[in-house]
Amino acid sequence: MDSARRLLVERGTEPINWGMVAVAGAMSFVALANGSIATIVVPSLMNAFDVSAAVAAMVLLGYHIPVAALLLFFGTSFASISTRITVPMTIIVFTLAGALCAVAGSMPWLIAARVVQGVSASALLVQMPLLAASAASR
């Protein structure tokens, strides 16, 4: 196996890093699914926080609006920054925001955490195709 890799390196090509492609696909899936999965808990949020459907819907909008609004911004911003820096930071922010959503004690905190998660999801949705393309183009 080592000789096959060495032959590819000598030819100027490297094998595809399928692990990185899988991580990029999984993170894209998680970012997209996280936006829709909250629809299931809206009735529970209405009961738990004693709020109207309009206020509970802000949990959904707090995620989807930043995702849609910031795609172009992150697309231009990440063009000049290394993915070695931005990808881990974005995954950490996305994960921490999800944890904050899980422990939010009030509706304003939950909405704020969902907005942060939506911002980081927008960044993930820009970075993951770039990460997969860079792993496959070697």
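Student: How are α4 and α6 oriented relative to each other, roughly parallel or roughly antiparallel?
Tutor: In this predicted model, α4 and α6 are roughly parallel to each other, a label that applies to angles under 35 degrees, while angles over 145 count as roughly antiparallel, 65 to 115 as roughly perpendicular and the rest as oblique. Helices here are DSSP runs (H or I, at least four residues), numbered from the N terminus.

Student: What angle do α4 and α6 pack at, and how far apart are their axes?
Tutor: The angle is about 30 degrees, and the axes of α4 and α6 lie 7 Å apart. An axis is a line fitted to C-alpha atoms, for helices over the stretch in contact, and the angles run from 0 to 180 degrees between N-to-C directions.

Student: Before we go on, what should I know about the model?
Tutor: Because the model is predicted, local features need pLDDT of at least 70 and side-chain atom pairs count only at pLDDT 80 or more, whereas totals for chains, interfaces and linings use all residues. Residues are numbered from 1 along each chain as its sequence is written, and side-chain values use heavy atoms, with hydrogens and water left out.

Student: OK, and how do α2 and α6 cross?
Tutor: The axes of α2 and α6 come within 8 Å and cross at roughly 155 degrees, and α2 and α6 are therefore roughly antiparallel to each other.

Student: Which residues meet there?
Tutor: From α2 the residues include Met20, Met27 and Leu32, and from α6 they include Arg114, Leu124 and Ala135, where a contact means heavy atoms within 4.5 Å.

Student: Which residues of α2 are buried?
Tutor: They are Ala24, Met27, Ser28, Ala31, Asn34 and Gly35, with buried meaning under 20% relative accessible area, exposed over 50%, and partly exposed in between (1.4 Å probe, protein chains only). Seen down the axis of α2, these buried residues fall within an arc of 130 degrees, so they line one face of the helix; the arc is that of the directions from the helix axis to the C-beta atoms.

Student: And what is exposed on the other side of α2?
Tutor: On that other side, Trp18 and Phe29 are exposed, while the cover over the buried residues of α2 includes α4, α5 and α6.

Student: How many residues does α2 have, and how far does it reach?
Tutor: Helix α2 runs over residues 18-37, which makes 20 residues, and it reaches 27 Å from its first C-alpha to its last, close to the 28 Å expected; the expected span is 1.5 Å times one less than the number of residues.

Student: What about Asp50, what is its phi?
Tutor: Asp50 has a positive phi of about 50 degrees although it is not a glycine, and its place is in the loop between α3 and α4. At 71% relative accessibility, Asp50 counts as exposed.

Notes: Helices (H or I, at least four residues) and strands (E, at least two) are DSSP runs, numbered from the N terminus.
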